[in-house]
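Open the model in your viewer and colour it by secondary structure. The stops below are in the order in which to select them.

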Amino acid sequence: MLSKRWKSLCGYFTKGEIALWCVSVALIHASFFMFDRENFLTFAASLIGVTSLIFNAKGNPFGQFLMVIFSILYGVISFTFSYYGEMITYLGMTAPMAVFALVSWLRNPYNGNKAEVKVNRLKCKEIIFMILLTLIVTFIFYYILSAFHTANLILSTLSVTTSFLAVYLTFRRSAFFAIAYAANDIVLIVLWILATFSEISYLSVVICFVIFLVNDIYGFISWSKMRKRQETDSVWGNSFFRNPAVCDEDKVNKN
């Protein structure tokens, strides 16, 4: 039974995706045992996070379920280093939005396939709305984080900006959510590099987000291909049902 499920899971992912996940997990293990060996919560969060990304790259709602767990763990990790911006962002925004995204993805399967979400294209009006909403969220969080005396205030605020864009685009099923997460990864890489100056064990977190960056770039490539395939299938489907020649051929066959 387990062997069948394992074969099914291996068949679900491409060889490249399996290789990406295996290399990512191996690097997370290596960085943990080289630079940390104590913060098992960080280790667990990294493994859950990279696994969620490979499922997200496939448009699988299970990835959003794992993202909820990762967000909670990462919020706790951020609290230990007084990165209140990260803590508030992930516990108060990313985790709840991941729940909404999970519901959105489950409600919008592609052609009834619950393992693949239907990719969405944002219209111009919604993009403008998203940008305005992001600016408002950034403005509000800047003063909230300032009140908490958050370390590296500007970078922490920028992390909120990129995180909000990422969760909004994820909820709306846009392929560009992966680009927003990649931007967020870059901000977090810088933040945690600064943290390593006082605690070398946080270098494992830096390596974790470098791995996340690579996976998010792949996620965008995967979603771009998925969107193109879905739109092509939709065009072919519409042309089949609307093509008079097809209807006439059906009539001839019936006669």
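What share of the contacts in the protein with a separation of 6 or more comes from residues 24 or more positions apart? Such residues account for 71% of them, where contact means heavy atoms within 4.5 Å.

Before selecting anything, note that this is a predicted model, in which local features need pLDDT of at least 70 and side-chain atom pairs count only at pLDDT 80 or more, while totals for chains, interfaces and linings use all residues. Residues are numbered from 1 along each chain as its sequence is written, and side-chain values use heavy atoms, with hydrogens and water left out.

**Whole chain.** The protein has 10 helices and two strands, both taken as DSSP runs numbered from the N terminus (helices H or I, at least four residues; strands E, at least two). From the N terminus on, their order is α-α-α-α-α-β-β-α-α-α-α-α. Of the 255 residues, 46% count as buried, that is, under 20% relative accessible area with a 1.4 Å probe, counting protein chains only.

Strand β1 (residues 109-110) and strand β2 (residues 113-117) pair in the antiparallel sense over two bridges; pairing requires at least two bridges found by DSSP. P109 stands opposite V117 in β2. Two residues lie between the strands of this hairpin, and N111 takes a positive phi near 50°.

**Residues 177-196.** Of the 20 residues of α8, 14 are buried.

**The largest nonpolar core.** A nonpolar core is a set of buried Ala, Val, Leu, Ile, Met, Phe, Trp, Tyr and Cys residues joined through side-chain atoms within 4.5 Å. Select V50, F70, Y74, L188, W192, F209 and F212, which touch the most other members among the 31 residues of the largest one. Helices α2 (15-35), α3 (40-57), α4 (62-80), α5 (84-107), α8 and α9 each supply at least two residues of this core. Apart from this core lies another, of 25 residues, including V117, F141, F164 and F177.

**W192 and S204.** Centre on W192: its contacts beyond four places in sequence include Y74, F81, Y202 and F209. Then move to S204 in helix α9 (residues 203-242). S204 counts as buried because its relative accessibility is 6%. Leaving out residues up to four places away in sequence, S204 touches S31, F32, F35, D36 and T42.

How values were computed. Buried < 20%, exposed > 50% of the residue type's maximum accessible area, 1.4 Å probe, protein only.
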